[in-house]
Amino acid sequence: MENCIFCKILKGQILAHKVYETDNVFVFLDINPYTRGHSLVIPKKHYQDVFDISSDELQKLIVEVQKVAKLLKEKLNAEAINIFQRNGIMAGQQIDHIHFHVVPRYKEDMVKMLPRGVYKGNDFEEVVQLLTS
Ligand code: 5GP
Ligand code: ZN
């Protein structure tokens, strides 16, 4: 896809530090990492997000996400791993080429996740009703 930064990385037009690749998937270091070793896992074909990608491609991607998580934990001595993925501007997606973030966590790394909320009134029941009907 023209003008996609990650497609440009795949074509070698923008430098990225490869962790490894398969026939379908490319793994590289995030340029602005949450922590040391923060990696991005992308399909070699351009899909915008989780709504766009085929389930077949997504399966290939998630298997590599698991491998990267194990790699980072072992090679970088991470205490734990966060895996996340954004879909849409409101979710904070900056690059419209689906990618999984794999973030090694270390003691006292100071990375903060979003604060938790609470359901109010009948909202919880309404959500359950909407999702299960
Ligand atoms: P998003 O916010 O879309 O979930 O994540 C996009 C990620 O891509 C960000 O964490 C950002 O640091 C990373 N990123 C953006 N441009 C580049 C780039 O040119 N090279 C690399 N390696 N990472 C990038
Ligand atoms: Zn792309």
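**Ground rules.** I number residues from 1 along each chain as its sequence is written, letter chains from A and number ligands from 1 in the order in which they are written. Since the model is predicted, local features need pLDDT of at least 70, side-chain atom pairs count only at pLDDT 80 or more, and totals for chains, interfaces and linings use all residues; side-chain values use heavy atoms, with hydrogens and water left out.

**Overall layout.** I started with secondary structure and got three helices and five strands. My elements are DSSP runs numbered from the N terminus, helices being H or I with at least four residues and strands E with at least two. Going along the sequence, I read the pattern α-β-β-β-α-β-β-α. The C-alpha trace spans about 55 × 40 × 25 Å along its principal axes. Next I asked for burial, and 32% of the 133 residues came out buried. My classes are buried for under 20% relative accessible area, exposed for over 50% and partly exposed in between, with a 1.4 Å probe and protein chains only.

**Zinc site.** Which residues hold the zinc ion (ligand 2)? I found Cys4 (SG), Cys7 (SG), His46 (ND1) and His97 (ND1) as its protein donors, lying 2.1 to 2.3 Å from the ion. A donor here is an N, O or S atom within 2.8 Å of the metal (3.2 Å for Na, K and Ca), and water is not among the atoms, so sites may look incomplete. Angles among the four donor atoms run from 106 to 115°, and the site is tetrahedral. That label, for four donors, asks that all angles lie between 85 and 135 degrees. In sequence I read the donor spacing as C-x2-C-x38-H-x50-H. Cys7 sits in helix 1 (residues 5-10) and His46 in the loop between strand 3 (39-43) and helix 2 (55-75), so this pair ties together parts 39 residues apart in sequence.

His46 is partly exposed, with 22% relative accessible area. With cysteines in view, I also searched the whole structure for disulfides (two cysteine sulfur atoms within 2.5 Å). The search gave zero.

**Salt bridges.** How many salt bridges does the structure hold? I got seven, taking a salt bridge as a side-chain nitrogen of Lys or Arg within 4 Å of a carboxyl oxygen of Asp or Glu. One of them joins Lys18 and Glu21 at 2.7 Å, N to O. Lys18 is partly exposed at 47%, and Glu21 is partly exposed at 37%. Glu21 also pairs with Lys44, the closest N and O atoms being 2.7 Å apart. That pair links distant parts of the chain, with Lys44 in the loop between strand 3 and helix 2 and Glu21 in strand 1 (residues 18-21), 23 residues apart. Lys44 counts as partly exposed at 31%. Through shared partners, Lys18, Glu21 and Lys44 form one salt-bridge network.

I also noted Arg105 with Asp109, where the closest N and O atoms are 2.7 Å apart. Arg105 counts as buried, at 16% relative accessibility.

**Positive phi.** I checked the backbone next. Most residues other than glycine have a negative phi. Asn77 is not a glycine, yet its phi is positive, about 55°. I place Asn77 in the loop between helix 2 and strand 4 (80-84), and it is exposed at 62%. Met110 is another non-glycine with a positive phi, near 70°. Met110 is in the loop between strand 5 (100-105) and helix 3, and it counts as exposed at 66%.

**Nonpolar patch.** What makes up the nonpolar surface patch of about 300 Å²? I found Tyr119, Phe124 and Val128. Patch members need over 30% relative accessible area and no salt bridge; nonpolar side chains (Val, Leu, Ile, Met, Phe, Trp, Tyr) are joined within 5 Å, like charges within 9 Å. Areas come from the Shrake-Rupley method with a 1.4 Å probe, and for residues only the protein chains shown count as cover. Val128 lies in helix 3 (residues 123-132) and is partly exposed at 36%.

Conventions
Four donors count as tetrahedral if all angles lie between 85 and 135 degrees; four count as square planar and six as octahedral if opposite donors are over 155 degrees apart and all others between 65 and 115; anything else is irregular.
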